[in-house]
Amino acid sequence: MNETSSNERLAPVLAPFTPDKPGLAALVSVGGEVVFERYLGGADLEHGVPVTAATRFHVASVSKQFTALAVLLEAEAGRVDLGADIHDYLPELADYGATLTVSDLVHHTGGLRDQWELMMLSGTPIDGLIRQSAIVAMAASQQGLNFPPGTDFRYSNTGYSLLAEIVARTSATPFARYLADAVFTPLGMRDTLVYGDASKLLPGRAMSYRVGADGTVDLARLNYSNYGATSLHTTPRDLARWARELLHPSVLAPDLIARMTTPGRLRDGTPLIYGFGIMRDILGGRPALTHGGADAGFRAAFNCFPSDDAVVIVCSNGGADVGAIAQSLADALLGSTPYPAGGAPDPATLAGLAGYYVTGWGPGLTLEAADGKLMASLGGGARIEAKFLPGGEFYLYAPTSRFSAKPKGDLAERQAVGGLELLYTRSERAAPTKAELASLAGRYHSDEIDSTYQLAATQTGLTVSCLRFPPTDLTPADQDSFDGPFARLTIVRDAGGAPTGFTVSTGRVRGLRFRRIA
């Protein structure tokens, strides 16, 4: 495709990024040569500063590959054993009754509950100042895991925060300084740094924004003083230098890069697509080394295509769908094949998919057939239309997370991160009586997040509140469970059937216990 036709095809994708709106930075390189580069919109709207090639973006979880690289470097130096129990390096963590290794942290197979969801459950404002020490303390207060180490995959930011702690302790070097000396300086990434202290000035950075449905722009504050899972600030040009090293190692050892980009496995041998902070997946029909990131208004897509010797990088500070934009760039400039659209199934098939499904991870999924469409909602949240692929699979947010029908009316979701299959079991909603709801009213405490929740009965369900967040409605789910917009609450009873507490599960936290105190 020639440059003129590419620009015409991409014009609608880039049109929203005007000077009065949050910005976008995009770069595509092939064979080490930049073939497309755009810097659009505002980096700091309050001061009229535009996005430029030197604008530093917070790239959220794209940070993880650099944390994983630091762990590999420490392993090569003989200071970290990837197969060792993490308590060898972090003795303050609880005894989980099973060996949780450094490798488990790298591959998200350790079962550690996610730091952000624990913070939100505790009522900690995510737009407030969150220090690394608070994250480590929260991790140390956990008495349980989501699953036995090595038996499952569940993305955990906590694991990567702890990996950064391990590197800092074994190297006796502050984590930001370690990466600067060992990686960024040797690779010539002059505009890249780990920003782990929110009180420090950071020249050239993009600010964080949220764009409403009506086009209104608000600040989406990010005040992180933590690192390992996030907080890398960089530019597309610097990320392109790093991508070139991944595809053609010249500074780092080739066997080190090969190890980093090799996916892990569960202990029973089940393969993952997740390696050392980076995944091997298929994007637009092409094999890719990829990872995305999202914090507050920041979004980042980092996609390398080894067979094309190509790189696509997109950064946003206004919540843009950078994954879709990156795919559009690949389609236009590399000739990638978009995911084919499938026609809507017949009414009988749609009706057969309709129902209520649970996973044990967070609120249940409701599917409804209406006007020839399949509409989905989680925990009673916003309804979105399912999009079908040829063969009958469908997805809600991205084709890499697609659903397929299973025997007995259940569903399976191929998870975009990790690549494993998650089973959604068809279930029936319970209809508790007013007396049953009233019996659940009371105060409940969790030592693991140091929070007390108040449950109150309503006409049809419950509300949950605490000192740190306002009442939130919970609707009856399956037996003894209730769904909220963010979490699933399951009642725990004694041998006589009296409610003694409950557990809370979210997308990355499972079985967090609260005991009844009043």
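Where is the place of Asp-85? Asp-85 sits in the loop between helix 2 (64–76) and helix 3 (102–107), helices being DSSP runs of H or I with at least four residues, and strands runs of E with at least two, numbered from the N terminus. The model is predicted, so local features need pLDDT of at least 70 and side-chain atom pairs count only at pLDDT 80 or more, while totals for chains, interfaces and linings use all residues. Residues are numbered from 1 along each chain as its sequence is written, and side-chain values use heavy atoms, with hydrogens and water left out.

Asp-85 is buried yet has no salt bridge. Buried means under 20% relative accessible area, exposed over 50%, and partly exposed in between (1.4 Å probe, protein chains only); a salt bridge puts a side-chain nitrogen of Lys or Arg within 4 Å of a carboxyl oxygen of Asp or Glu. Arg-267, the nearest side chain of opposite charge, is 8.0 Å away (Lys and Arg count as positive, Asp and Glu as negative; His and the chain ends are not counted).

Elsewhere, the structure holds 20 salt bridges. One of them pairs Glu-74 with Arg-79 at 2.6 Å, N to O; Glu-74 is buried at 0% relative accessible area, whereas Arg-79 is partly exposed at 41%. Asp-238 and Arg-241 also meet in a salt bridge, at 2.7 Å, N to O. These two, Asp-238 and Arg-241, are three residues apart in helix 8 (residues 236–247), so about one helical turn separates them. Glu-92, Glu-165 and Arg-169, for their part, are linked in a network of salt bridges.
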